[in-house]
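Please look through the sequence and the model shown here.

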Amino acid sequence: MIYVQLFLVFLQVGAFSFGGGYAAMPLICAQVVDQYGWLSEKDFADLVTISQMTPGPIAINAATFVGNQLAGIPGALVATIGVALPSCIFVTLLAMLYTKYKDLPVLKDALTALRPAVVSMILVAGLIILIPAIFRSGEVSFADGNFAIRPFVLFVGSVFALRKWKADPILVMVSCGVIELIAQLIL
Amino acid sequence: METKTTAQKLKTLFFATLYLSAFTFGGGYVIISLLKNKFVDELKWISEEEMLDYVAIAQSAPGPIAVNGAIVIGYKICGIPGIVFAVLGAVIPPFVILTVISAFYNLFKTNPYIQGILAGMKSGVSAVIVSVVWDMAAGIVKKRDALLIAIMIIAFVLNYYLEVNVVLIILGTLVIGIARSLYARRETK
């Protein structure tokens with residue numbers, strides 16, 4: 001039955017995608033394209049593009065999209081529940097363990113050592129978005145035409161607004177989108 | 001003021017994750033940055049150090065980071081009911097948006113206005129992340145602990161330049177922390 005299949009496929013995607021969206025993509029492709037043939041390769045590429053253009057995790061987007069295509073809204077619901085369920089179980093267990101044992105001295109020291117690494121990982125995620133936005137080739141280089149000044153100015157202005165005026169982050173993000181659109185229309 | 005009822009907390013939690021999830025273009029770390037902004041800086045329900053631990057938990061478990069982040073924060077604030085409300089908030093926006101978009105995909109893909117807005121938003125999104133990292137890194141540098149600063153730099157190089165898997169980096173730093181803890185305790189005996 002299609003609902004059971006959708007549920008089980010996305011349950012696997014949810015349970016084995018360690019490390020966020022980019023880890024989920026090959027898993028989704030292996031199941032949905034290669035094994036079941038629910039989507040063609042072109043459909044899958046479209047799905048990845050939609051995911052990049054819209055908010056939300058790619059795994060949730062994929063579950064909703066594939067579910068909708070195959071079995072309408074009920075299919076989308078079943079697939080989305082499947083993909084989120086492993087998270088709910090694993091993360092709840094980890095959160096319970098954390099709450100219970102976080103004051104143990106050894107665990108405290110371990111977490112103290114972990115925090116700086118987490119800060120670095122967040123920075124890396126930011127750079128992965130920023131670098132291709134500012135450098136057209138995706139590589140840091142000031143060769144002819146590679147450096148895009150407008151995204152850079154938007155970035156610096158946003159950092160300034162966030163730090164100096166404590167501006168609302170979502171307002172800053174949306175303003176950047178609107179400014180870029182106006183600039184494209186005028187120039 | 002501190003005695004917010006459970007119902008009020010659940011409501012705040014649901015609408016916060018719903019609102020943030022609707023605007024998190026660009027992956028899980030954007031929502032983590034926004035959650036930090038909301039729950040650490042604005043509401044002060046979670047400390048900055050706890051938040052970093054939650055990011056590590058969200059990162060080490062399988063599944064989307066945005067959903068995992070919503071779960072840890074929901075659990076911290078209201079236990080199991082908190083998880084339910086936070087996850088619903090995080091999942092509803094992409095669910096609705098993708099359901100609508102899959103129907104109008106061709107229109108969406110070729111619309112230059114939508115493309116322009118999305119291009120501009122990337123600058124804003126990365127600025128939000130950089131600003132959050134700024135606060136967090138300052139908190140760590142202030143501790144004047146050479147090992148922690150070294151971990152921050154080395155983890156960055158491993159992750160960004162050498163593309164080492166984040167789960168390995170997390171495990172490695174945990175081992176370093178445990179080793180130092182055991183060593184320090186033996187010294188003081």
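This is a predicted model: local features need pLDDT of at least 70, side-chain atom pairs count only at pLDDT 80 or more; totals for chains, interfaces and linings use all residues.

Residues are numbered from 1 along each chain as its sequence is written, chains are lettered from A and ligands numbered from 1 in the order in which they are written, and side-chain values use heavy atoms, with hydrogens and water left out.

Chain B has 8 helices and 0 strands, where helices (H or I, at least four residues) and strands (E, at least two) are DSSP runs numbered from the N terminus. The C-alpha trace of chain B spans about 70 × 45 × 30 Å along its principal axes. Of the 189 residues in chain B, 50% are buried; buried means under 20% relative accessible area, exposed over 50%, and partly exposed in between (1.4 Å probe, protein chains only). Taking contacts in chain B between residues at least 6 apart in sequence, 58% join residues at least 24 apart, with contact meaning heavy atoms within 4.5 Å.

Helix α5 of chain A (residues 105–134) meets helix α3 of chain B (residues 48–60): their axes come within 9 Å and cross at roughly 70°. Axes are lines fitted to C-alpha atoms, for helices over the stretch in contact, and angles run from 0 to 180 degrees between N-to-C directions. The helices α5(A) and α3(B) are therefore roughly perpendicular, a term for angles of 65 to 115 degrees. Residues making the contact include L111(A), L114(A) and V118(A) from α5(A), and L52(B), V55(B) and A56(B) from α3(B).

The structure holds 13 aromatic pairs over all chains. Rings of Phe, Tyr and Trp (its six-membered ring) pair if their centres lie within 6.5 Å, and planes over 60 degrees apart count as edge-to-face. One edge-to-face pair is F160(A) with W165(A), at 5.3 Å centre to centre and 85° between the planes. F160(A) is partly exposed at 43% relative accessibility, and W165(A) is exposed at 60%. Y160(B) and Y161(B) also form an edge-to-face pair, with 5.0 Å between centres and 80° between planes. Here Y160(B) is partly exposed at 22% and Y161(B) is exposed at 56%. Elsewhere, ring pairs link F135(A), F142(A), F147(A) and F152(A) into a cluster.

Conventions: Rings of Phe, Tyr and Trp (its six-membered ring) pair if their centres lie within 6.5 Å; planes under 30 degrees apart count as stacked, over 60 as edge-to-face and the rest as tilted. Angles under 35 degrees count as roughly parallel, over 145 as roughly antiparallel, 65 to 115 as roughly perpendicular and the rest as oblique.
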